[in-house]
Amino acid sequence: MKTCRKICAALLATSFMGFGWGDCNISEAAKNYHDVAVQADYETDAVVAGNDAADDPAIWVHPRNPSKSTIIATNKQGGLLVYDLKGKELYNVKVGKPNNVDVRYSFPLGKEKIDIAAATDKAKKNGLLIYKINSETGELTNIAARDIFAKMKVVYGFSLYHSLKTGKYYALISGYEGEFEQYELFDNGEGKIDAKLVRSLEIGSISEGLVADDEYGCFYISEENVGIWKYGAEPDAGAKRVQVDSVGAGHLIADVEGLTIYYARNGKGHLIASSQGNNSYNIYDRRGMNSYIGSFSIDDGKVDGTNDTDGIDVISFNLGKEFPNGLFIAQDGENMDGTEKLNQNFKIVRWEKIVQALSGIMLDNTVNPRNLKKQ
């Protein structure tokens, strides 16, 4: 089984060889190397491109019927994909080479308030894609005012940020060489969205995972071989940062990849990170110094588990009968059907499974991402 191989390999790589795992009992290995293992409930259709193609997912919450919410994901060999919550592909937008994608709600455009999805595009080395999300079907329509380019050599990671202090919306972009740029998104007066650079930073080295916490006005970025950093997300916040966790001495094994926020009431909740080097997902307190709580892996079950995960996302909100407590979704770097290797895809886990498996994890299905509150 893939899970047995991946955990055994991780144990060997980190000097657990003296523990005598024998043929590698999966539950025992998971218990000793990760805190727990859970199994996925669904998986998305595989991306049409082979090799390293699936990368990053973002969950969009339908404004009137949460069960009709969608998953927007990147095929970095050529498009944006839209799935239903059980992983069936609904739309395939063939555009560029999108790397990371994110969603925000109620962007003011003319007399409308629209939901948007935006992504970095590596096809032109440093592009930014912006789409309107159809409020009924979830279909994507290009709404960028022009071809928008970052200043860095090659765009990489991405997050949107909605300032609850000023009401403004921003695109946060990391580069392949550790660059960071922040762009304010604005109505160009002609029914399109444009962008202007408002801040630049140097992270240090290759950095991809990016997520903004709108309620706390901060963002987190994963420097792949170093750890996770927290910065202020307002454009005047400067370069001051705090390290949340580190590779090696901390709880992370390189590469540090996807990041996501689990929103709960009163500023509670979690920061979650993909620790790619040991095929696990670390969970931290969302508040204060982001104390480490524990980690889990996604094991083989009715669908295969995950390894080498890039992007992740989570939603705490009640999405209807199938996902009353939200869901967690992770890219799978090696999608298997028995012994057959398929194109990559994404695995979907009901959030309550993770809560039941790992102590100290919150379950709060009342926070609608459309109605966040400044903390």
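User: How many helices and strands does the secondary structure of the protein come to?

Analyst: This is a predicted model, where local features need pLDDT of at least 70, side-chain atom pairs count only at pLDDT 80 or more, and totals for chains, interfaces and linings use all residues. Residues are numbered from 1 along each chain as its sequence is written, and side-chain values use heavy atoms, with hydrogens and water left out. Helices (H or I, at least four residues) and strands (E, at least two) are DSSP runs, numbered from the N terminus. The tally is three helices and 28 strands.

User: What radius of gyration does the protein have?

Analyst: The C-alpha trace spans about 65 × 40 × 40 Å along its principal axes. The globule rule, 2.2 Å times the number of residues to the power 0.38, goes with a radius taken over C-alpha atoms. For 375 residues a compact globule would come out near 21 Å, and that agrees with the protein's 19 Å.

User: And what share of the residues counts as buried?

Analyst: Buried means under 20% relative accessible area, exposed over 50%, and partly exposed in between, using a 1.4 Å probe and protein chains only. Of the 375 residues, the buried share is 59%.

User: Which residue of β22 is the bridge partner of Ile272?

Analyst: β21 (residues 269-275) and β22 (residues 280-285) run antiparallel, paired over six bridges. Across that pairing, Ile272 faces its bridge partner, Ile283.

User: How much space lies in the largest pocket?

Analyst: A pocket here is an open set of points on a 1 Å grid over the protein atoms alone, where a 1.4 Å probe fits and protein lies on both sides within 12 Å along at least five of seven lines; lining residues have an atom within 4 Å of a point. Grid points are joined across faces, edges and corners, and the volume is the space filled by probe spheres set on the points. The lining has 36 residues, with Asp102, Val103, Arg104, Tyr263 and Asp313 nearest the centre. The space comes to about 550 Å³.

User: Which strand gives the most to that lining?

Analyst: Several strands supply at least two lining residues each, among them β3 (54-60), β12 (155-162) and β20. The top contributor, with seven residues, is β7.

User: Which residue of β4 is the bridge partner of Ala54?

Analyst: β3 is mostly covered, with seven of its seven residues buried. It runs antiparallel to β4 (residues 70-75), joined by five bridges. Ala54's partner there is Asn75.

User: Asn51 isn't a glycine, so what's its phi?

Analyst: Most residues other than glycine have a negative phi, and most peptide bonds are trans. Asn51 sits in the loop between β2 (42-43) and β3, and it is exposed because its relative accessible area is 74%. Its phi is positive, at about 60°.

User: Where does Ser106 lie?

Analyst: Ser106 also has a positive phi of about 60° without being a glycine. With a relative accessible area of 29%, Ser106 is partly exposed. Its place is in strand β7.

Key:
Pairing = 2+ DSSP bridges.
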